[in-house]
Amino acid sequence: MMKRKKWTEEEEETLINKYSELLNSGSLAKLKTRQKKFEPIADHLNAVHHLRDQASFPFRWTWRDVSVKIQNMRHQYLGVKQKIKLPAGSFNWSDAENHWSNFLKYKHVFGDHDLDVRDASNTKDFPSNGRNNNNNGNPDEDDTVFDFVGEDVLGLGFYEEEEEEAEEEEDDEKDDDAVKRPKKGILRKRQREVDELGEREGNWVRREYERRLQLEREIDEERLRRMEMEERREEEEMEWRAQIMGMQMEHEKQMMQMYADSCHHQLQILGVLVRLVCQFFGGGGDGLGGGIGGGLPGQVLQHPGGLVGDNGKGDGNSGPHYM
């Protein structure tokens, strides 16, 4: 015979009250697995009883213990209900708490459960208060109900905890697998989306990088082109200025040459006029003309410029020569 951990009436009551609180708040409906449903209840139980008084409440309950306890309380409720059933088919509800102090609390939270044919056929064999009323009417405290491995006592489904816990673990594994499968699918899908997004972002970054490089190359090429144009413009401007200066110097040179030629022509004309005057005065009939004509040497007639000195005045020594 295997002994199991025993629940006290206070712990049962705390479990029922906490379950009712979570049920009414809607928290239980949002939780998908047994562990998530019953773990808060187990933590609350331990905080209220075991952690405060380990002598009176020596057992630290897990969420699996709470799950199994709720199933066992259902069988416990049906067993007590079978005991208070009257021959007419009704029930002596006022006598229920004499068999189980938390009977009406369980009925209020978990609802009423109907008896089946199997329950009715074994009414006489169900123990009334467990251990002959030594456990305050709590059948759960009696090992005659819960401690037989694999045995269905009275046909009411009272199995030892290990078998029910194995069933709970199997159901939990199924629930976990059912939750994990879509999670894995969602994870793979999201992983693919992340990869695709990363690839798209990588392509966008690469294209943006190439576009910026192309833009920088174009800017550099435009800058070089403008610099080359500016250099060519400056060279052309310098060449143009050099040509202008050369043309200006050539023009000035030509002007000076023209001026010199003009002066030379004027001197030639003046010399011709002087010869003409000398010839005119030298060929006259009067004595003055004759004297002038006779007195002018042929050199003066041929070179009229000799009549004027360097300062433009007549030579002071020419008078006696004319004489």
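The model is predicted. The protein chain has 12 helices and 0 strands. Its 323 residues include a buried share of 27%. Helix α9 spans residues 161-282, and several of the features below sit there.

**Overall fold**

- Read along the sequence, the chain runs α-α-α-α-α-α-α-α-α-α-α-α.
- The count of strands is 0, against 12 helices.
- Take the contacts between residues at least 6 apart in sequence: 65% of them join residues at least 24 apart.
- Buried residues account for 27% of the protein chain.

**A negative patch on the surface**

- Six glutamates gather in a surface patch of negative charge: Glu228, Glu231, Glu234, Glu235, Glu236 and Glu239.
- One of them, Glu228, belongs to helix α9.
- Glu228 has a relative accessibility of 43%, so it counts as partly exposed. The cut-offs behind that label are 20% and 50%, with partly exposed in between.

- Leu267, Ile269, Leu270, Val272, Leu273 and Leu276 make a nonpolar surface patch.
- This patch covers about 560 Å².
- Ile269, one of its members, lies in helix α9.
- Ile269 counts as exposed because its relative accessibility is 51%, and exposed means over 50%.

- The structure holds 12 salt bridges.
- Side chains of opposite charge can pair when their charged atoms come close.
- Three of these pairs are described below, among them Asp112 with Lys81.

**Asp112 and Lys81**

- Asp112 and Lys81 form a salt bridge, with their closest N and O atoms 2.8 Å apart.
- Asp112 sits in the loop between α6 (103-110) and α7 (117-121), while Lys81 sits in helix α4 (residues 63-83), so the bridge ties together parts that are 31 residues apart in sequence.
- The Lys81 end is buried, at 2% relative accessibility.
- The Asp112 end is partly exposed, at 38% relative accessibility.

**Glu208 and Arg211**

- Glu208 pairs with Arg211 in a salt bridge, and the closest N and O atoms are 2.6 Å apart.
- Both residues lie in helix α9. They are 3 residues apart, so about one helical turn separates them.
- Glu208 is buried, with a relative accessibility of 17%. Buried means under 20%.
- Arg211 is partly exposed, with a relative accessibility of 46%.

- Glu237 and Arg233 meet through their side chains in a salt bridge of 3.3 Å, N to O.
- Both lie in helix α9, 4 residues apart, which is about one turn of the helix.
- Glu237 has 29% relative accessibility and counts as partly exposed.
- Arg233 also counts as partly exposed, at 43% relative accessibility.
- The pair belongs to one network: salt bridges that share partners join Glu230, Arg233, Glu237 and Arg241.

Note on methods
Residues numbered from 1 in each chain as written. Predicted model: local features only at pLDDT ≥ 70, side-chain atom pairs only at ≥ 80, totals over all residues. Heavy atoms only, no water. Helix = DSSP H or I, 4+ residues; strand = E, 2+ residues; numbered from the N terminus. Buried < 20%, exposed > 50% of the residue type's maximum accessible area, 1.4 Å probe, protein only. Contact = heavy atoms within 4.5 Å. Patch = residues over 30% accessible without salt bridge, like charges linked within 9 Å, V, L, I, M, F, W, Y side chains within 5 Å. Areas by Shrake-Rupley, 256 points an atom, 1.4 Å probe, with all protein chains shown as cover. Salt bridge = Lys/Arg side-chain N within 4 Å of Asp/Glu carboxyl O. Lys, Arg positive; Asp, Glu negative; His and termini not counted. Charge placed at Lys NZ, Arg CZ, Asp CG, Glu CD.
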